[in-house]
Amino acid sequence: MRFRKHHPHHENDWPEEFEGQRGHRRGGRLFGHGDLKLLLLANIAERPMHGYELIRSVEEMCGGAYSPSPGTVYPGLSLLEDQGLIRSIQSPDGSNRKQFEITEEGRSAVATEAEMIAIIRDRLKMLASNAASERPPFAVRRALHQLRHALMRPEGAWNDAEIERVKGIIERAAVETARGS
């Protein structure tokens with residue numbers, strides 16, 4: 001593997017194969033160039049996974065503070081596969097979902113980048129720890145997620161009466177939640 005600096009703010013050299021991946025979260029950049037792909041590769045080295053499992057594993061590592069989008073993860077997996085670091089296999093449950101397993105070349109890359117993987121995981125543990133002290137429990141976040149989806153309606157579906165009704169529900173929930181603290 002050839003190494004070169006990818007980002008002026010990083011002191012470490014990065015393998016060229018992992019360049020270009022950016023993850024974002026509120027408050028700035030979470031992943032440096034290639035960090036997410038490297039993390040995906042390391043997770044696959046632990047056991048074969050499909051894309052959704054990889055998304056959830058990163059989300060869990062971050063304590064729910066960040067969840068990579070499928071539009072970020074799947075192109076990264078395709079690149080790792082094109083580079084021969086992982087390969088797709090049929091899911092053992094017989095579903096049509098592709099699982100990914102690491103290749104020997106991928107294991108070699110993980111071994112070479114073990115220190116960087118540890119740094120990335122430590123950064124995510126710190127994020128998870130901070131998120132745990134600032135965020136509501138997972139069940140409450142899930143309920144908020146359901147609420148956001150319930151509010152996603154075409155613009156024409158909202159009339160004045162519906163806007164007032166939903167606004168009242170949300171305002172009452174906010175008051176009752178604050179009162180309970």
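**Salt bridges and confidence in the predicted model**

A search of the whole structure finds eight salt bridges, each defined as a side-chain nitrogen of Lys or Arg within 4 Å of a carboxyl oxygen of Asp or Glu. The model is predicted, so local features need pLDDT of at least 70 and side-chain atom pairs count only at pLDDT 80 or more, while totals for chains, interfaces and linings use all residues. Residues are numbered from 1 along each chain as its sequence is written, and side-chain values use heavy atoms, with hydrogens and water left out.

The protein averages a pLDDT of 80, where pLDDT is the predictor's confidence in each residue, from 0 to 100. A score of at least 70 is reached by 81% of the residues. Confidence is highest in helix α4 (residues 104-112), at 97. It is lowest in strand β1 (residues 3-4), at a mean of 24. Helices (H or I, at least four residues) and strands (E, at least two) are DSSP runs, numbered from the N terminus. Over residues 1-28, pLDDT stays under 50. For this stretch the model has 71 contacts beyond four places in sequence, a contact being heavy atoms within 4.5 Å. Where pLDDT is low, the predicted coordinates should not be read in detail.

R87 pairs with E101 in a salt bridge, with the closest N and O atoms 2.7 Å apart. R87 lies in strand β6 (residues 86-90) and E101 in strand β7 (residues 98-102), so the bridge ties together parts that are 14 residues apart in sequence. R87 is partly exposed, at 40% relative accessibility. E101 is also partly exposed, at 23%. Here buried means under 20% relative accessible area, exposed over 50%, and partly exposed in between (1.4 Å probe, protein chains only).

A salt bridge also joins R153 and E162, whose closest N and O atoms are 2.6 Å apart. R153 is partly exposed, with 32% relative accessibility. E162 counts as buried, at 15%. R153, E162 and R165 are linked in a network of salt bridges.

The side chains of R47 and E53 form a further salt bridge, at 3.3 Å from N to O. R47 has a relative accessibility of 42% and is partly exposed. E53 is partly exposed too, at 22%.

Helix α2 spans residues 51-61. Its buried residues include G51, L54 and I55. S57, V58 and E59 are buried as well. Just after α2, G63 adopts a positive phi of about 65°.
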